[in-house]
Amino acid sequence: MSTTTMTHDEAHHHDAPTGWRRWLFSTNHKDIGTLYLLFALTMMFLGGASAMVIRAELFMPGIQLVDPDLYNNLVTNHALIMIFGAVMPAAAGLANWMIPMMIGAPDMALPRLNNLSFWILPAAATMLVLSFVVPFFPGGGTQINTGWTLYPPLSTQVGMSMDFLIFAIHLLGISSVLASINIIVTLLNMRAPGMKMLKMPMFCWTWLVTAFLLILVVPVLAGGVTMLLFDRHFGTSFFDAAGGGDPVLFQHLFWFFGHPEVYILLLPSIGVLSHVIPAFSRKPLFGYNSMVGAMLAVATIGMVVWAHHQYTVGMSLGAVTYFMIGTIIISIPVGLMIFNFIATMWRGAMTFETPMLFAVGIVLMFTFGGLSGVMLAVVPADMQYHDSMFVVAHFHYVLMPGAVFGLFAGVFYWLPKWTGHMYDERLGKLFFWTNVIGFNITFFPQHFLGLAGMPRRIIDYNVMFTEFNVVSSIGAMVFGLSHLLLLYIVIKTIRGGKKAESRSWEGAKGLEWELDSPPAFHTWTVAPQIK
Amino acid sequence: MAIPEHQTPELRRKNIRMVWLLAGFALFIFLTSFPFWTGLFRIVGDQAAG
């Protein structure tokens, strides 16, 4: 993409507020992006701590550290914190930082709404953490032992902590929908003159699709948990068979949200890859239009295959056949994206800096997670694998490489732009290898545990599963601790280091690289002209 | 900060119009999720029961 000369530094560091007001009242997309990223990092460590307790407990058979209800509460909290507190806000942080700079806009379309979207999050996180803490107090009721799916009738019987969780989900949903609206309006209305839709950077496209998905499915989750709240406190029987309702209805409501949520987590990272792989292959992205088409196909088909998460509930043969075929069909556009990435790398002048290492890792490991997903999509096979550790291994292979490693790739790719300093490449690579090796040692053995019959969400297990669990737990400790290195690298880069150039990477393309590193507080006050 | 040249009042109105449209759409999905899902579920249930 080429542009005419720009005078983007006119407002360099003018009017930048200071102190706590800068952050609390911020309407600047870069500051709000930073807030999102810091929030996500904090929640990642919180969610990671619960995962460490889970793996410590599973290190040996028997019950060692926590009681069974608390174990299941940790499982619930780990999932909710990681999905709603870490991955989604981190992706929103990247969106806030990068979208206006990529499309030549001075800020998000509605900066004050942007501020509100972020500041709802700490309130929601407080409610989420309270839902975990409340049962420890006298009269606090029972632990949330439902898992993140919150299936009734168990969720209608849990104590008041479930109400905290329902309100937390409402707040998180409001924040997500407001942020999505802002992103859609920004992308549709604020692009620089000459930037047609099919000239938009791929990261922006992925966020446009993600934002629409969020608006379509988050209100359904909100509807579901509201019905749950009514069943709990207002005498309704949406999910109560004794009153004429059916608990399976909640499963449909939940998974109508839950399955597209997977793509909500994945797509922004696919967007990051679409910039990282061309930059470090020194080639343009292969098949831009087909990537856009594949993404739209994934989003559309992904909306109508939710019930593959509930084959074992007893649906008709016609229904499970439809959901099975639909699910397997998704692998076609997803495969197309992966082939596009491989074709971009093909005969490119590739170098393997940390973002590219993560990108290559994603292509390999996410494909592996996708293949075990095809196994799970097959109805008779899923009857065997359902609710086993195989499923845990599968979705971690999808979400860690597919979503989280993509975010790591994005952070390392854009960190020089944000901070004005190059990160320590040696430490970056060390982080990559400890992270990836730790991840694989943790989750690869879980495939075998699941195939051998170890159920998930159970605190104890048969002694025959001990060896693989020991390996998995050791891997988890390495994996968990490796994130401290990420924290160190980020802090070190913020504090100093080699000065980053405007175009921090030789092969990087796009409007954001026309700006200084770090960019001025206000950028693109004069719109660039796209040729 | 000076108002950017392409941040015109007309664009601002256009942005706000689109926000209300999208927010209304989200609210529509939220409110219709109750009757839609319960209705769909009942139809599927009736069919399964023959």
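**Close-up views of a predicted model**

**View 1. H13(A) and H14(A) are roughly antiparallel to each other, because angles over 145 degrees count as such.** The model shown here and in the other views is predicted. The two elements are helix H13, residues 389-419 of chain A, and helix H14, residues 425-451 of chain A, and they pack at an angle of about 165°. Their axes are 7 Å apart. The crossing in which H13(A) passes H14(A) is left-handed. On the H13(A) side, the contact is made by A:Met389, A:Phe390, A:Val391, A:Val392, A:Ala393, A:His396, A:Tyr397, A:Met400 and A:Phe412. H14(A) contributes A:Gly428, A:Phe439, A:Phe443, A:Gln446, A:His447, A:Leu449, A:Gly450 and A:Leu451. Sorted by class, this contact has twelve nonpolar and five polar residues, and no charged residues.

**View 2. H13(A) bends by about 40° at A:Tyr413.** A proline, A:Pro416, follows the bend within four residues. Of the 31 residues of H13(A), 29 are buried, so the helix is largely enclosed by the rest of the structure. After H13(A) comes A:Gly420, which has a positive phi, near 85°.

**View 3. A:Leu80 lies in helix H3 of chain A, which covers residues 68-103.** A:Leu80 counts as buried because it has 24 C-beta neighbours inside 10 Å, and the cut-off for a buried residue is 20 or more. Apart from neighbours within four places in sequence, A:Leu80 is in contact with A:Leu128 and A:Trp148. A:Phe443 is one of the H14(A) residues in the contact of View 1. The C-alpha atoms of A:Leu80 and A:Phe443 are separated by 19 Å, and the two residues are 363 residues apart along the chain.

**View 4. Chain A touches chain B through 29 residues, which are in contact with 23 residues of chain B.** On the chain A side, helix H6 (161-189), helix H7 (202-233) and helix H8 (247-281) each supply at least two residues. The largest share, seven residues, comes from H7(A). By class, the residues of the side of chain A that touches chain B are 20 nonpolar, seven polar and two charged.

How values were computed. Residues numbered from 1 in each chain as written. Chains lettered and ligands numbered in written order. Predicted model: local features only at pLDDT ≥ 70, side-chain atom pairs only at ≥ 80, totals over all residues. Axes fitted to C-alpha atoms, helices over the stretch in contact; angles between N-to-C directions. Parallel < 35°, antiparallel > 145°, perpendicular 65-115°, else oblique. Left-handed = near helix turned anticlockwise from the far one by under 90°. Contact = placed C-beta atoms within 7 Å. Nonpolar A, V, L, I, M, F, W, Y, C, P; charged D, E, K, R; others polar. Buried ≥ 20, exposed ≤ 12 C-beta atoms within 10 Å, placed from the backbone. Bend = angle between axes of the 7 residues up to and from the residue.
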